[in-house]
Amino acid sequence: MAKEKNSESQSEKIEQLKAFEKDSLGKVLTTNQGLKVNDTNNSLKSGERGSTLLEDFLLREKITNFDHERIPERIVHARGSGAHGHFELYENLEEFTKAGIFTDTKRKTPVFVRFSTVAGSKGSTDLARDVRGFAVKFYTQEGTWDLVGNNMPIFFIQDAMKFPDLIHAVKPEPNNEIPQAASAHDTFYDFISRTTETLHNQIWVMSDRAIPRSLRMMEGFGIHTFRLINKEGKSHFVKFHWKPVLGVHSVTWDEAVKISGADSDFHRRDLWEAIEAGQFPEWELGLQIIPEADEHKYDFDLLDPTKLVPEEMVPVKIVGKMTLNKNPENFFAETEQVAFLPGHIVPGIDFTNDPLLQGRLFSYRDTQLSRLGGPNFNQIPINKPLVDTHNNQRDGLMQTEIPKGQTAYFPNSLGGGCPHLAKMAEGGFTSYEERIDAKKIRTRSESFSDHFSQPALFYRSLKPWEQQHIMEAYSFELGKCKQQDIQERMLYIINQIDYKLAEKVADNLGLKVPKHIEKPINQAIGADADPNKHEPSNKKNYLDESPALSQTKSKYNTIATRQIAVLAADGFNEKQYKKLADAFEKEGAQLKIIAPHGGSIKGDAGQDYKVHESIITTESVLYDAVYIPGGKASVKWIQKMKKYVKFINEAFKHCKAIAVEDEAESLLEMTYVTDYKDDEAVFINGSTKAFRDAIAQHRNWNRLPVTDNVPA
Ligand code: HDE
């Protein structure tokens, strides 16, 4: 399973980046001017105990650089983690597009991917309940293509004009800057409850998709409908999907809250460590391709980014695979400075009139100007295209190139007419020629006014445990709101999705689902707009269920990269441990010995084993399963340390697989597991295979109804 570390990392992009790398190994310390420095510990003073001299250029250079180390964090998606890799195409798609990346199956296109949370600051927890950004930069031979997506297939709003409102509502409240990286507060739900188009994305955020187990175990979506353009200039609509090879899996909210304390870098660390271990994260790229003629065939508008196209209506065609196989050399230079722009496209791919996408085409370059300081950010190594760039754009802050010649305009004859225009046959870009015959108007299309059908479809398509998580999430989030009128408005609109859901949430809030609220419900319209026209329409049912929306339809066939906590102390049964470790490690699972102390422990046959974590430094929520080998002395040790009891109880509460052997059964007697020994994911002297299969199932959700009995 594990591939050779960084074996495939020498892509063209990595080669290009290497030219910019700097290694100080064996080198003498110098100033920025190359002056060799003899003392970087003491400033220049007037006497041993005297004041520091202004003359001290060494002090000034060091401090000045330090003073300016920070750049503005991203206004959204500030917290992120990145990795390098490549994309490979399975089949030639020239019928639909002329893009080289989709027609040349021999290419290995280098990529850089940045995953992120949306609302929190750069240092906020990875486990916030939030949408995750999934931004992919493809360094193609025709220029850079950025597919800047999220891990949910729809967005909150329909028009870019609403983006600042949405973000101001979800960010910490402006008077006290509370809460950090959390949507559970009044301003967010004040906005949501008056802007019903947000409901679909909102219910996805209440689902387990908003608390992934790993960045490697989440889907990605381009969200907007884009266009594919073939050689003949024919256009097809397309939606982009990333499907993780390890399946889609999440943690529970209780785990998320605890992980935020135990290891707020949980996702970043997990991505980094998987790549370092050679367990390269992989996603398949899928396309939903829709002929132009079908533009108006659906009960929703393809230009409305709050709508998905159910996979049961248009299947996802799997066309290629992305593998991430190299960690960045430097977080700031690469992950922080990378600049994604949805406007970066290549011939064969084009935009649609989705009004959210249209606004994004402006916003990203604009934000990079203040974030990266000027217009030359494309020259920063991570942003530099693989192909040469030539144009007449000049100067600006941080110009690092030296453009030669007398001319910087077009047309010219003094410069030989160069750089000259690309002919179409040479791969020149032209925008898709779309016929538009319309009046200029500031409004929202009526075809965008169905706000309830798809949230209801999503909720209907989930299994009971997934629905329960949504109910609990709403109860938590709305329970954190202080204003009863906001809670009631939310209950009213949740009721438009599902009555039972609204009723259960209302019970938890100690309120009733209101029958009426002040109209119009949807206030995201102009002052003089006709509210009747823009009131969300009653929900429709054009599909009973979309099974593809449920995580239960994901993959449950592997234990690769799963973290197995092995609770052991001196004298543990080595034979049992080794048997399990051999079987599991072959499949790429990671066994972590958690001992009463650091250093190493001895097995019952006398061999030393490295301790990965002591029970003092770790927590149950950081693992996927628990294994306790037998061994009298070992079990006795563990019994003495009550944190182990908490560890096991929590694993049980979080529906994880637990296996014990021989004497270790006595440990279960100290926990709540003892009441549920016939649970299908609890194994007492069980088979390795059965334990393995339970871990591959990710969690035993059938246990959910009894987990409230465990006060862990
Ligand atoms: Fe973004 N978004 N966004 N967004 N977005 C940014 O650009 C914006 C939207 C997404 O890892 C910003 O470089 C507007 C949808 C990701 O560097 C900014 C609108 C989707 C990232 C911006 C949207 C996204 C960003 C902030 C509504 C999914 C992180 C920093 C019209 C399809 C990229 C930056 C990274 C980042 C604007 C909506 C995804 C301010 C105006 C929809 C993954 O330009």
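Where does His77 lie? His77 sits in the loop between H2 and strand E1, residues 80-89. Keep in mind that this is a predicted model.

Let me stay with His77 for a moment. Its phi is positive, about 60 degrees, although His77 is not a glycine. Most residues other than glycine have a negative phi.

Asp662 lies in the loop between strand E17 (657-660) and H18. Is Asp662 buried or partly exposed? Asp662 has 16 C-beta neighbours inside 10 Å, so it counts as partly exposed.

Now the peptide bonds. Most peptide bonds are trans. A cis bond joins Ile178 and Pro179, with omega about -5 degrees. Pro179 is in the loop between H3 and H4. The bond from Lys519 to Pro520 is cis too, with omega near -5 degrees. Pro520 falls in the loop between H13 and helix H14, residues 531-534.

On to the annotation. UniProt, in an unreviewed entry, places the domain "Catalase core" at residues 30-418. In the model, that span is 21% helix and 19% strand. The end C-alpha atoms of residues 30-418 lie 41 Å apart.

Next, helix packing. Two packed helices are described by the angle between their axes and the distance between the axes.

Start with H4, residues 186-194. Which residues of H4 are buried? They are Phe188, Tyr189, Phe191, Ile192 and Ser193. What covers these buried residues includes helix H3 (163-170), H5, helix H11 (464-479) and H12.

Take H12, residues 484-497. H4 and H12 pack at an angle of about 40 degrees, with their axes 9 Å apart. The two helices are therefore oblique to each other. Their crossing is left-handed. From H4, the contact uses Asp186, Tyr189, Asp190 and Ser193. From H12, it uses Ile486, Arg489, Met490 and Ile493. By class, the residues of this contact are four nonpolar, one polar and three charged.

Here is some helix geometry to go with that. An α-helix has 3.6 residues a turn, so residues three or four places apart point the same way.

Next pair: H5, residues 199-206, and H10, residues 453-460. Their angle is about 25 degrees, and the axes are 8 Å apart. That makes H5 roughly parallel to H10, because the angle is under 35 degrees. H5 passes H10 in a right-handed crossing. Which residues make the contact? H5 brings Leu199, His200, Ile203 and Trp204. H10 brings Gln454, Pro455, Phe458 and Tyr459. The residues of the contact of H5 with H10 divide into six nonpolar, two polar and no charged.

On the H11 side we have Ile470, Met471, Tyr474, Ser475, Leu478 and Gly479. On the H13 side we have Leu501, Lys504, Val505, Asn508 and Leu509. The classes here are seven nonpolar, three polar and one charged.

Last, a few single residues.

Lys231 is in the loop between strand E6 (226-229) and strand E7 (235-244). Lys231 counts as partly exposed, because it has 13 C-beta neighbours inside 10 Å. Leaving out residues up to four places away in sequence, Lys231 touches Glu94 and Lys98. Lys231 and Gly348 are 117 residues apart in sequence, and their C-alpha atoms are 7.8 Å apart in space.

Ile63 is in helix H2, residues 57-67. Why is Ile63 exposed? Ile63 has 12 other C-beta atoms within 10 Å, and exposed means 12 or fewer. From Ile63 to Leu215 is 152 residues in sequence and 37 Å in space, C-alpha to C-alpha.

Finally, Tyr672. This residue is in the loop between helix H18 (665-669) and strand E18 (682-684). With 18 C-beta neighbours inside 10 Å, Tyr672 counts as partly exposed. Tyr672 touches Asn649, Phe652, Asn709 and Val710, not counting residues up to four places away in sequence. Tyr672 and Glu48 are 624 residues apart in sequence and 66 Å apart in space, C-alpha to C-alpha.

Definitions and conventions
Residues numbered from 1 in each chain as written. Predicted model: local features only at pLDDT ≥ 70, side-chain atom pairs only at ≥ 80, totals over all residues. UniProt positions renumbered as here; feature names shortened; annotations may be inferred. Helix = DSSP H or I, 4+ residues; strand = E, 2+ residues; numbered from the N terminus. Buried ≥ 20, exposed ≤ 12 C-beta atoms within 10 Å, placed from the backbone. Contact = placed C-beta atoms within 7 Å. Axes fitted to C-alpha atoms, helices over the stretch in contact; angles between N-to-C directions. Parallel < 35°, antiparallel > 145°, perpendicular 65-115°, else oblique. Left-handed = near helix turned anticlockwise from the far one by under 90°. Nonpolar A, V, L, I, M, F, W, Y, C, P; charged D, E, K, R; others polar.
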